[in-house]
Amino acid sequence: MLEGDVPPPRLAAIGRLADVRRTRADGLADALPGAEVLFLWDFWSDAVAAAWPHADALRWVHIASAGVDRLLFPGLVESDVVVTNSRGVFDEPIAEYVLGMVLSFAKDLHTTVRLQDRREWRHRETERITGARVLVVGTGPIGRAIGRRLSAVGMAVSGLGRTGRTGDPDLGEVRPFGELHRALADADYVVLAAPLTDLTRDMIDAGALARMRPSARLINVGRGGLVVEKALVDALSEGRIAGAALDVFATEPLAESSPLWTLPNVLVSPHMSGDTIGWRDELSGLFLDNLGRYRDGRPLVNVVDKKLGYVTRGT
């Protein structure tokens, strides 16, 4: 088990199912020999790649996050080791966050808070969200939860995914990734909930931003690498799009020198959109369930297609 600053809960329950070795990044190489399972609790760590030559018995890696982009180095991808993720834990919390950001923009709540801090009384008119058009980029469980949540408040939702289709129960019409620019032009809100893969990296570049409406807002709850950050800063600074709510960044923590902190049309949060009270218990519970399956020889849940970079079922 590769731990971070906060150890996982339910360690006693995990210990009843397996002989547990707990380590931090600097001790992983010594802890790996003979281990069959690696629980990657510190999902930001790059230590697995460095310690990989010591993984002489490893059969399964579970990561305590939905994204696996930092884990899929060539040695692991080309091996027979199974990778599972924590898909399902963060879906509804992230959908709630996205709804909150939409409401903040539409009702100008972020400006209200700033004006209150200055004791400034400034009347404004705000926007309706009913009927506003939303493009959800990424059709996995997080994107689907976002689609359901925004549809429930009267927004017109469509999706962008690996394959196009109509009549999707959560996202309505889903366009293929190749139609990104055309889809962007129709949206009032663009929500990024896609995994970071070779297909999606830097997908929101200067060209994509140029296709967005001047009144449109971008919300990123996927990965920072989906967006070319400098191009986004330029578009926001020049008023070519109306705003952005960003929970993820190319480099985290976001540097104090980043202009994103001070742009008035940007909402910055520190990669916390899915982290609601009890989330660590849910992550440990998911791993415990899979560990029981592993011991019993039953199929694991949330098996990642290592070539594609995500769990394929339902996408």
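## The big picture

What you're looking at is a predicted model. The chain holds 11 helices and 11 strands. Its radius of gyration is 21 Å, close to the 20 Å that the globule rule gives for 315 residues, so the chain is as compact as a globular protein of that length. Along the principal axes, the C-alpha trace spans about 65 × 45 × 30 Å.

Of the 315 residues, 51% are buried. Take the contacts between residues at least 6 apart in sequence: 60% of them join residues at least 24 apart.

The chain has 37 positive and 41 negative charges, with mean positions 5 Å apart.

## The annotated stretch

An unreviewed UniProt entry marks residues 99-273 as "domain: D-isomer specific 2-hydroxyacid dehydrogenase NAD-binding". That span is 28% helix and 20% strand, and its end C-alpha atoms lie 11 Å apart.

Most residues other than glycine have a negative phi, and most peptide bonds are trans. Here are some exceptions. Glutamate 252 and proline 253 are joined by a cis peptide bond, with omega about 0°. Proline 253 sits in the loop between β10 (243-246) and β11 (266-268).

Aspartate 108 isn't a glycine, yet its phi is positive, about 55°. You'll find aspartate 108 in the loop between α5 (91-106) and α6 (109-117), and at 18% relative accessibility it counts as buried. Histidine 271 also has a positive phi, near 50°. Histidine 271 lies in the loop between β11 and α11 (279-296), and at 22% relative accessibility it counts as partly exposed.

Note on methods:
Residues are numbered from 1 along each chain as its sequence is written. This is a predicted model: local features need pLDDT of at least 70, side-chain atom pairs count only at pLDDT 80 or more; totals for chains, interfaces and linings use all residues. Side-chain values use heavy atoms; hydrogens and water are left out. Helices (H or I, at least four residues) and strands (E, at least two) are DSSP runs, numbered from the N terminus. The radius of gyration is taken over C-alpha atoms; the globule rule is 2.2 Å times the number of residues to the power 0.38. Buried means under 20% relative accessible area, exposed over 50%, partly exposed in between (1.4 Å probe, protein chains only). Contact means heavy atoms within 4.5 Å. Lys and Arg count as positive and Asp and Glu as negative; His and the chain ends are not counted. The place of a charge is taken as NZ of Lys, CZ of Arg, CG of Asp or CD of Glu. UniProt positions are given in the numbering used here, feature names are shortened, and annotations may be inferred rather than shown by experiment.
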